[in-house]
Amino acid sequence: MTLQDLIGRIQAYNPVADVATITRAYEFSADVHRGQKRLSGEPYLTHPLEVAGIIADLKLDVPSVATGLLHDTVEDTLATIQQVEQIFGSEISSLVDGVTKISQINFTTREEKQAENFRKMILAMARDIRVILVKLADRMHNMRTLGHLQPDKQLEVSQETLDIYAPLAHRLGIYWVKTELEDNALRYLHPEVYYQLKRWIAKKKDERERYIKEVIGVLSKKLEEAGIEAQVTGRPKHFYSIYQKMEQQNLLYDQIYDLVAFRVLVDSVRECYEALGIVHANWKPVPGRFKDYIALPKANLYQSLHTTVIGPYGERIEVQIRTDEMHRVAEQGIAAHWVYKGAGTIRPEDSQRFAWLKQLVEWQQNLQDPQEFLQSVKGDLFSDEVYCFTPKGDILNFPEGATVIDFAYRIHSEVGNHCTGARVNGKLVPLRYRLASGDTIEIITTPQQTPSKDWLKIVKSPRSISKIRSWIKAQQRTRSVDLGREILERDLARYKLEIPKLRKEGRLDAVLAALSVKDEETLLAAVGYGRITSHQVLAKLLPAGELHEQAAKPEGALKKLFRLVARQGESSRRLPGGVRVSGVEDMLVRFGRCCNPLPGETIAGFITRGRGVTVHSASCPRVLESDPARRVDVVWDGAATVPRSVRVEVVSVDQPGMLASISRVISSSGINIARAEVRTDGQEQAVSSFQLMVTSAEVLNQVMRSIGKLRGVLRVSRVAA
């Protein structure tokens with residue numbers, strides 16, 4: 001890509017484009033990046049040029065292309081955002097600032113940094129949607145050149161791409177970007193699957209092309225006979241969609257038949273339904289595989305008819321039928337409704353398309369925990385949708401698997417909090433009932449009903465999860481404040497002290513400041529949780545000599561709690577290479593069995609009444625469900641010397657010697673197999689479960705990568721013990 005190539009691409013769709021701005025942005029970027037090289041050894045300037053080229057392929061405006069050329073100047077050079085604004089104006093500098101990562105702030109964990117970067121990007125998107133389009137172009141080129149990074153970094157970037165950027169491209173309706181991001185992520189996350197698929201599809205290329213040509217011929221003739229002028233095309237499905245089907249249906253490569261999707265483009269909505277009738281009249285439809293996205297568009301306003309039929313030679317084929325305008329929206333997404341002749345704000349008529357973006361902005365305001373925010377976003381971006389009706393006939397969309405509780409919270413948080421059941425299509429159903437497209441829902445409430453933790457296991461929408469957690473945390477805090485007040489008043493009474501008197505004299509404010517607590521209620525809650533002891537409070541109120549020994553370890557103190565736990569059993573024994581709690585020495589902990597964290601992984605702990613501090617992996621759902629007020633800082637204490645038990649599951653082709661090959665890889669890594677179990681699923685696949693004794697997350701990741709490279713291995717994953 002050269003500057004002239006880029007200008008040529010822009011002028012192809014915008015002959016009157018401001019070429020001078022593009023040239024100035026190129027020269028500025030070339031100047032500040034001079035001497036910098038990428039890991040591939042190429043001059044760094046090749047990256048912003050390629051990113052700008054992708055933005056031109058999206059047919060975006062001049063400020064967007066200029067931002068592509070400038071997007072790394074503030075982050076990776078000595079250039080400042082003020083310089084960019086002075087030279088290129090506020091519109092371009094605002095876009096560059098929105099794309100720039102938060103690199104100057106020190107976060108405690110990588111997950112927190114990722115969440116905050118994404119939070120900033122969401123806010124920038126709300127102001128100007130072009131920010132995410134530039135960011136997607138940046139990620140596309142990074143994925144194309146990912147092979148030059150270290151293996152662990154490749155996995156990290158690929159997973160983030162699959163979790164966030166591909167779903168965002170889907171929500172924006174830009175499907176060619178989505179498919180490329182997904183295929184490149186699969187290439188690094190599951191290379192054995194990717195390359196086997198590539199070899200297998202290449203082997204059947206001639207056969208597939210003949211089949212596509214034959215089906216196009218038959219379908220075109222039938223449509224022509226019916227007087228419908230249509231354009232019929234066929235294309236192979238992309239690798240990641242094939243992989244998803246293999247995963248969901250437990251199939252091998254040669255068991256996947258509908259590898260080709262056919263598209264029929266007609267002039268009107270009426271002809272879409274007429275064409276569907278012709279397809280179904282000639283080939284038998286597969287039950288349950290018809291979807292009408294014309295009558296019920298997707299959240300990004302995607303419209304099309306989808307059906308799967310048994311085509312020639314008994315092969316399953318997918319047919320998509322849409323108008324030319326629908327096709328333009330499906331392929332180009334937001335770029336098909338390009339509105340950025342001036343500022344990049346969202347027009348009122350496009351507000352429905354971006355209702356999900358408004359919801360993301362609302363979550364980032366309400367969810368203070370960055371990891372919880374990121375989990376909510378991932379859940380929302382990934383969800384397939386069902387469409388239900390209110391009693392008044394309004395259509396609401398929900399994630400697949402959502403229950404009547406999700407419906408209730410969508411109506412209002414108070415309706416959700418007091419939901420006891422529902423009438424679905426006139427029939428009473430329980431709270432666990434899963435919504436189906438076409439259902440009409442009427443919620444039943446009672447004042448006595450309140451949310452419970454069990455609800456978190458059955459709801460699906462991020463909004464419901466957030467509301468339920470907020471209610472539970474509020475209740476837990478109320479109970480902890482009451483308990484903390486009881487403990488503190490009792491221990492203060494031993495020294496003839498009272499909370500109201502301390503408050504009046506101003507001594508309580510001094511205690512709050514000394515303990516870095518914002519107010520009295522927070523102090524009482526901390527005492528109730530066990531994060532602060534009444535002894536610590538007394539130490540700030542009384543001279544050291546007046547504090548009696550008997551009050552040094554009052555009931556509820558953490559040390560006493562841990563020593564009690566230490567006597568209760570093996571699970572709380574302090575191990576070499578264990579963890580340290582909040583910088584306090586000689587503390588004993590227990591590890592969560594749900595995630596079995598390993599040295600090297602980011603961990604989090606929270607106080608479990610009567611059982612001390614439980615340590616989980618920072619990404620464990622239990623951590624996200626816990627009350628932030630009960631969390632404590634935990635770190636790994638020294639080098640790990642004692643192996644910990646971890647369960648790994650390997651899905652492979654069922655063939656002789658497979659188990660021996662996997663076992664050989666594990667033993668050659670110096671890892672002991674404590675237990676092994678193998679079963680077949682009747683689909684020519686074998687599922688091998690290994691209980692491995694490993695000393696760190698790095699060792700485990702290395703052996704999992706080695707297993708994944710074995711020929712015939714389909715998937716390697718770590719599972720709960």
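Predicted model: local features only at pLDDT ≥ 70, side-chain atom pairs only at ≥ 80, totals over all residues.
Reader: Where does Asp 482 lie?
Author: Asp 482 is part of helix 21, which covers residues 462-493.

Reader: And how does Asp 482 count, buried or partly exposed?
Author: Asp 482 counts as partly exposed because its relative accessibility is 48%.

Reader: Which helix is Arg 490 found in?
Author: Arg 490 sits in helix 21. Its relative accessible area is 35%, so Arg 490 is partly exposed.

Reader: How far apart are Arg 490 and Ser 534?
Author: Along the sequence, 44 residues separate Arg 490 from Ser 534. In space, their C-alpha atoms are 9.4 Å apart.

Reader: Switching topic: how many salt bridges are there?
Author: The count comes to 20 salt bridges. One of them joins the side chains of Glu 91 and Arg 130, at 2.9 Å from N to O. This pair links distant parts of the chain, with Glu 91 in helix 7 (residues 90-99) and Arg 130 in helix 9 (residues 130-144), 39 residues apart.

Reader: Why does Arg 130 count as buried?
Author: Arg 130 has 0% relative accessibility, so it counts as buried.

Reader: Which residues are linked with Glu 91 and Arg 130 in a network?
Author: Asp 61 is linked with Glu 91 and Arg 130 in a network of salt bridges.

Reader: Are Asp 138 and Lys 135 buried or exposed?
Author: Asp 138 is buried, and Lys 135 is buried too.

Reader: Which residue forms a salt bridge with Glu 156?
Author: Lys 153 does, with the closest N and O atoms 3.4 Å apart. Glu 156 and Lys 153 are both in helix 10 (residues 151-171), 3 residues apart, which is about one turn of the helix. Glu 156 has 28% relative accessibility, so it counts as partly exposed. Lys 153, at 37%, also counts as partly exposed.

Reader: Now the rings. How many aromatic pairs does the structure hold?
Author: It holds 9 aromatic pairs. Among them, Tyr 194 and Tyr 195 pair edge-to-face, with 5.0 Å centre to centre and 90 degrees between the planes.

Reader: Which other ring does Tyr 194 form a pair with?
Author: Tyr 194 and Phe 239 form an edge-to-face pair, 5.2 Å centre to centre with 70 degrees between the planes. Tyr 194 lies in helix 12 (residues 191-203) and Phe 239 in helix 14 (residues 239-249), so this pair ties together parts that are 45 residues apart in sequence.

Reader: And are Tyr 194 and Phe 239 buried or exposed?
Author: Tyr 194 and Phe 239 are buried. Tyr 195 has a relative accessible area of 34%, so it is partly exposed.

Reader: Last one: which residues do ring pairs link into a cluster?
Author: Ring pairs link Tyr 175, Tyr 293 and Tyr 302 into a cluster.

Conventions:
Residues numbered from 1 in each chain as written. Heavy atoms only, no water. Helix = DSSP H or I, 4+ residues; strand = E, 2+ residues; numbered from the N terminus. Buried < 20%, exposed > 50% of the residue type's maximum accessible area, 1.4 Å probe, protein only. Phe/Tyr/Trp six-rings, centres within 6.5 Å; stacked < 30°, edge-to-face > 60°. Salt bridge = Lys/Arg side-chain N within 4 Å of Asp/Glu carboxyl O.
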